[in-house]
Amino acid sequence: MSKDITLNVNGIDHHVNIQGNETLLKVLRDKLGLTAAKEGCGAGECGACAVIYNGSPASSCLILAIEAEGVEILTLEGITPKDHLHPIQQAFIDKGAVQCGFCTPGMIVTTYSLLKSNPDPTEEEIKKAISGNLCRCTGYVQIIEAIREAARRLKRSKGRRK
Amino acid sequence: MENFEFISPITIKGAVNQYKKGANNYYLAGGTDLIVLMREGILVPEKIIDLKTAGLPSGIKKLKTEIRIGALATLSEIEHSSFIRKEIPFLAEAAGKLGSPLTRNRATIGGNLCNASPAADTATPLIAVEAKFILSDGKKERRVKAEEFFKGVKQTDLKKGELLKEIVIPRSAGKGIFYKKSRIKLVDLATVNMTVYRAKKKYRIVIGACHITPLRIRAAEEKLNKAKKIDLALINDAAALVIKTIKPISDMRGSAEYRKQLVKTHVTRLIGELAGVEV
């Protein structure tokens with residue numbers, strides 16, 4: 001079956017015609033041109049396709065686009081400010097947490113969600129939060145450092161705004 | 001993934017009617033099992049019936065004598081519910097050890113139970129607290145004991161079209177411990193899992209991933225419940241009865257022998273912890 005649906009992605013309503021068997025990930029990438037989320041395993045194990053779905057990170061490869069109608073979806077494109085990088089992105093660069101980069105969008109989406117609910121996570125909490133995001137390059141050490149650094153920077157910038 | 005018809009029923013009755021219209025229709029909850037199987041071509045459904053619009057009770061309800069968990073409650077909701085963490089912490093722990101956070105944010109407790117894997121992480125705590133499942137065929141409801149819901153590998157007591165609506169847990173001051181062993185600390189499926197529970201000096205022992213269903217070991221429970229005093233020798237006897245009853249298989253997650261050893265070690269440890277006996 002095919003259907004015209006409205007997907008709310010990054011605060012914008014997109015009217016798209018989709019097939020019933022298209023995943024949210026496929027529609028984001030192929031029909032909306034939002035290619036930050038990647039297809040890694042296609043089985044919900046690697047986290048490269050993570051998006052914030054209804055307020056929590058989820059694997060968009062295991063969500064049907066058709067069930068996503070009416071749900072608020074936030075992708076890495078929606079997290080990235082227009083004219084500069086998000087502090088999490090900058091921290092990933094500064095700490096050498098990006099090698100091939102394939103897992104990075106999912107890592108940053110998961111980190112964004114973690115730091116929103118827990119601005120000062122312990123190392124164990126970080127490890128648990130990113131346990132569904134696999135990285136085959138870095139060995140995770142730099143990623144964990146980057147997340148701690150991002151937490152510090154976000155706290156500082158929050159302090160400045162007060 | 002092959003195409004299919006997607007249906008968003010607005011009542012349970014509507015969902016059941018749609019389901020019954022074909023032989024190859026599937027209910028969709030969180031999708032973290034179903035969509036994987038569809039993507040791999042193992043399942044090629046005619047219709048997908050989305051339960052999330054069908055008016056099933058949602059969330060976790062605290063009543064005077066019981067706790068009710070809607071079948072569509074996600075594992076994250078259960079893991080983080082301050083009420084569940086306080087009252088049934090071993091269920092929160094089991095929920096929090098299933099898959100990854102990304103999976104738990106979508107996967108539902110109803111899906112975990114109806115998928116009926118012998119290693120389902122939420123099964124052993126629910127059997128241990130003698131939970132009941134409310135099943136609905138759209139017209140009538142019936143209650144089935146958690147323990148009797150599981151009939152075999154991926155087989156349940158659900159009749160065609162019937163769905164799991166709600167989980168009812170009697171409130172009690174009992175204490176339980178959940179244990180899960182997997183090859184890696186997080187994300188993996190269980191090599192074995194188990195819950196040992198104690199209320200009013202009575203024990204309940206439930207072992208997962210060691211039989212065609214999660215298994216309550218009554219012989220071992222009785223051994224403990226009949227005794228005037230629980231000591232290490234008695235705990236060892238009870239653990240031996242557990243090992244005698246389970247029938248684990250060898251697979252990629254461990255050999256039958258290894259599973260038996262794991263169960264022996266940890267069931268002994270858990271009973272000891274609840275009984276206040278050093279093991």
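Modeller: Gladly! Chain B and chain A bury about 2,200 Å² between them, 59% of it on carbon and sulfur atoms. This is a predicted model, in which local features need pLDDT of at least 70 and side-chain atom pairs count only at pLDDT 80 or more, while totals for chains, interfaces and linings use all residues. Residues are numbered from 1 along each chain as its sequence is written, chains are lettered from A and ligands numbered from 1 in the order in which they are written, and side-chain values use heavy atoms, with hydrogens and water left out.

Colleague: What makes the area between chain B and chain A "buried"?

Modeller: Buried area is the accessible area (1.4 Å probe) that two parts lose on being put together, summed over both. The value of about 2,200 Å² for chain B and chain A is therefore a sum over both chains.

Colleague: How many residues does each chain bring to the contact?

Modeller: Chain B brings 28 residues and chain A brings 30. Contact means heavy atoms within 4.5 Å.

Colleague: Why is the pair A:Glu67 and B:Arg106 called a salt bridge?

Modeller: The term asks for a side-chain nitrogen of Lys or Arg within 4 Å of a carboxyl oxygen of Asp or Glu. The side chains of A:Glu67 and B:Arg106 meet at 3.3 Å, N to O, so the pair qualifies. Between chain B and chain A the count is four salt bridges. There are also eleven residue pairs in polar contact, both at pLDDT 80 or more. A polar contact is a pair of N or O atoms within 3.5 Å; within protein, one must be able to donate a hydrogen and the other to accept it, and residues adjacent in sequence count only if both atoms are side-chain atoms.

Colleague: Which elements give two or more residues to the side of chain B that touches chain A?

Modeller: They are strand E1 (5-7), helix H2 (34-39) and helix H6 (101-104) of chain B. H6(B) gives the most, with four residues. Helices (H or I, at least four residues) and strands (E, at least two) are DSSP runs, numbered from the N terminus. That side of chain B divides into eleven nonpolar, eight polar and nine charged residues. Here Ala, Val, Leu, Ile, Met, Phe, Trp, Tyr, Cys and Pro count as nonpolar, Asp, Glu, Lys and Arg as charged, and the others, Gly among them, as polar.

Colleague: How do you know where the domains of chain B lie?

Modeller: Domain bounds come from an automatic or database domain assignment. Chain B is divided into domain 1 (5-53), domain 2 (60-170) and domain 3 (175-275). The C-alpha centres of domain 1 and domain 2 of chain B lie 19 Å apart. These two domains of chain B bury about 1,300 Å² between them, 68% of it on carbon and sulfur atoms. Helix H1 (residues 12-20) of chain B supplies the largest share of the domain 1 side that touches domain 2, six residues.

Colleague: And what does the domain assignment of chain A give?

Modeller: For chain A the assignment gives domain 1 (2-77) and domain 2 (87-161), with C-alpha centres 22 Å apart. Their contact takes 14 residues from domain 1 of chain A and twelve from domain 2 of chain A.
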